[in-house]
Amino acid sequence: MSRGEARTLRAGRRTVEIQRPGKVLFPGGGGAKEYTKGDLADYYRSVAPYLLPHLRGRPLMLERYPDGLDGQRFLQKNTPEHYPEWITRAELAKEGGTVTHVVCDDTATLLYLADQACLTLHRWLSRTDRAGGVDHPDRLVFDLDPAGDDFAAVRDAAHWMRELLDELGLPAAPMTTGSRGLHLVVPLDGRHDFDEVRRFAHDVAGLAASRHPDRLTTAARKQDRGDRLYLDVQRNGYAQTAVAPYTVRARPGAPVAVPLAWKQVDDPALDARRWSIADAVEQARTEPWGDLPHRGRSLDQARRRLDDMPS
């Protein structure tokens with residue numbers, strides 16, 4: 001097959017054409033493997049059964065590289081008019097107007113986005129199809145962002161955060177970001193609005209930093225962090241996004257953000273870019289978040305416990 005010849009992929013009742021599947025999106029070299037648009041589409045079709053449950057009903061911000069990693073980057077919120085009518089859209093309020101986001105509810109949409117050279121899917125932490133609507137998140141995310149590439153610091157921070165969340169009665173699930181750190185994802189019941197959730201996340205991170213002041217920080221400015229790991233909770237606001245589980249990151253070698261079982265966090269071979277599109281589906285099949293409760297938790301009791309803890 002030539003690099004210019006299109007491929008047609010079946011996805012349920014629809015067919016999606018992948019234009020120029022041989023186009024290189026991830027150049028090789030320096031130890032990194034080369035991957036094409038066809039490779040990206042094949043990965044997203046294979047991982048769809050595991051990825052789509054994390055996307056359905058959620059507005060997306062799309063990170064696109066039409067000319068590959070060496071070309072221009074586009075962060076796309078608004079859905080172009082030429083996108084197929086069968087792709088779900090969500091028109092949501094923004095300052096001074098509205099924006100119409102893509103919502104990826106099926107494999108066909110996922111493949112279409114791959115054809116648009118969308119590498120990374122950044123999802124909202126709320127859903128359009130829940131009773132509380134998009135103003136009430138059903139996910140809370142702590143982003144463990146190290147000062148450098150020291151993953152041992154990330155591992156320590158993950159365990160400290162898990163211990164604190166256990167004290168608060170909240171389960172948390174770890175996920176590699178495909179970049180440098182980990183996300184800890186807490187499922188919520190959707191009863192609290194974004195302001196309440198972000199304030200709670202900020203207070204939890206502040207308490208964790210006070211317990212480990214030499215290792216953790218909530219300082220937003222890099223120059224104030226030193227070599228401490230940053231506990232980032234800014235993703236927990238309205239219209240903010242976080243990378244979706246099993247999404248590809250725009251880095252050499254096509255690393256993937258991958259959910260983990262807690263026992264894997266202590267694997268000495270683990271780092272944030274451990275999996276790529278070559279093997280992330282194998283990790284997905286192990287159902288690493290299988291022990292996570294299906295129903296999210298309320299923050300009411302956790303807030304009371306947090307307020308009673310010494311600062």
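On a 1 Å grid over the protein atoms alone, a pocket is an open set of points with protein on both sides within 12 Å along at least five of seven lines, whereas a cavity is a set of points where a 1.4 Å probe fits but cannot get out; lining residues have an atom within 4 Å of a point. This is a predicted model, in which local features need pLDDT of at least 70 and side-chain atom pairs count only at pLDDT 80 or more, while totals for chains, interfaces and linings use all residues. Residues are numbered from 1 along each chain as its sequence is written, and side-chain values use heavy atoms, with hydrogens and water left out.

**The chain as a whole**

- The chain contains six helices and 15 strands, where helices (H or I, at least four residues) and strands (E, at least two) are DSSP runs numbered from the N terminus.
- Along its principal axes, the C-alpha trace spans about 65 × 45 × 35 Å.
- Of the 311 residues, 54% count as buried, a term that means under 20% relative accessible area, with exposed meaning over 50% and partly exposed in between (1.4 Å probe, protein chains only).
- Among contacts (heavy atoms within 4.5 Å) between residues at least 6 apart in sequence, 67% join residues at least 24 apart.

**Nonpolar cores**

- A nonpolar core is a set of buried Ala, Val, Leu, Ile, Met, Phe, Trp, Tyr and Cys residues joined through side-chain atoms within 4.5 Å.
- The largest such core has 85 residues, and those that touch the most other members are Tyr43, Tyr44, Leu121, Phe142, Leu144 and Leu168.
- A second, separate core has 11 residues, including Leu125, Phe194, Val243 and Leu292.

**Pockets**

- The largest pocket holds about 660 Å³ of space, a volume being the space filled by probe spheres set on the grid points, which are joined across faces, edges and corners.
- Of the 25 residues that line the largest pocket, His54, Arg139, Trp289, Leu292 and His294 lie nearest its centre, and the elements that give two or more residues to this lining are α1 (37-51) and β12 (182-187).
- The lining of the largest pocket has 13 nonpolar, four polar and eight charged residues, where Ala, Val, Leu, Ile, Met, Phe, Trp, Tyr, Cys and Pro count as nonpolar, Asp, Glu, Lys and Arg as charged, and the others, Gly among them, as polar.
- The second largest pocket has a volume of about 380 Å³, and of its 21 lining residues Asp143, Thr177, Ser179, Arg235 and Arg249 lie nearest its centre.
- Three residues, the largest share of the lining of the second largest pocket, come from β10.

**Cavity**

- One cavity of 30 Å³ or more is found in a search of the whole structure, and the largest cavity contains about 40 Å³ of space.
- Among the residues that line the largest cavity are Arg123, Met175, His183 and Trp289, and the lining divides into eight nonpolar, one polar and one charged.

**Helix α2**

- Helix α2 (residues 107-115) is largely enclosed by the rest of the structure, because eight of its nine residues are buried.
- The elements that cover the buried residues of α2 include β1, β2, α1, β5, β8 (97-103) and β9 (118-124).

- Arg13, in the loop between β1 (7-11) and β2 (14-18), is exposed, with a relative accessible area of 80%.
- Ala239 has a positive phi of about 70° although it is not a glycine, and Ala239 is partly exposed, with a relative accessible area of 28%.
- Tyr246 also has a positive phi, near 75°, but Tyr246 is buried, with a relative accessible area of 4%.
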